[in-house]
Amino acid sequence: MNIFKDVKQAVDTREVAEVYGLEVNNSGMAICPFHDDNNPSMKVDERYHCFACQADGDVIDFVANYFELSKIDAAKKIAKDFGIEYQSVGYKKHKSVKQIKRPKPIRKEISVDNEFNKRIPTYNNILCEYKVLLESYKTIFKPSESDDDLHPLFVKAITNLDRIDYLMSMVNGTTEEKILVVMDYGKEIVNYEKIIRTIKSRIA
Ligand SMILES: [Zn+2]
């Protein structure tokens, strides 16, 4: 373990960026601080990615760029400001011979590639199905004039459709966006699949 790992495990980019004054909207988008941005072009969650200037990285990269610090100083700042305990500052000294000799994880990269290729079409199908489901909620539970309260499923549809459109644009976007989807939103999309399956099993 080192300070970089400790910090990244303890906090994500969004919570840190918000504490440092970045405004993140309900869709997880923010005005990018790294270029002259008018509309929120930056997606901020575990990591950050700007679709306009391609600024991209993890929480430490964000703070390093935001405050113009080195990575190690950025990590220390986050640790201090967020009360994160970390094991060693001079992490380089702890690099054992074993670690230095460890071969590059080439195999891992290949397996990521394979999984990546398999997952993208699957994710696209899940998102399409989930979108159809939300669209149906939007129609079925549309409030009539006499309704005082909005049906929760109508609210769910309204609040989630933008999110699904965003994820679909990522899944059908550049390689970089696809990688981001697999890395950061895989769990979320798999969760949508579970919802779809549960509903299908109820209907059957
Ligand atoms: Zn930007």
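Reply: Let's start with Asp56, which is partly exposed at a relative accessible area of 28% (buried is under 20%, exposed is over 50%, and partly exposed is in between, using a 1.4 Å probe and protein chains only). Arg47 is partly exposed too, with 21%. Their side chains meet in a salt bridge, 2.8 Å from N to O; the term means a side-chain nitrogen of Lys or Arg within 4 Å of a carboxyl oxygen of Asp or Glu.

Before going on: this is a predicted model, where local features need pLDDT of at least 70 and side-chain atom pairs count only at pLDDT 80 or more, while totals for chains, interfaces and linings use all residues. Residues are numbered from 1 along each chain as its sequence is written, and side-chain values use heavy atoms, leaving out hydrogens and water.

Arg163 and Glu188 pair up at 2.6 Å, N to O. That pair ties together distant parts of the chain, 25 residues apart: Arg163 sits in helix α7 (residues 152-171) and Glu188 in helix α8 (residues 175-203). Helices here are DSSP runs of H or I with at least four residues, numbered from the N terminus. Arg163 is buried, at 19% relative accessible area.

Then there's Arg197 with Glu193, whose closest N and O atoms are 3.5 Å apart. These two are about one helical turn from each other because they lie four residues apart in helix α8. Arg197 is exposed at 54%, whereas Glu193 is partly exposed at 26%.
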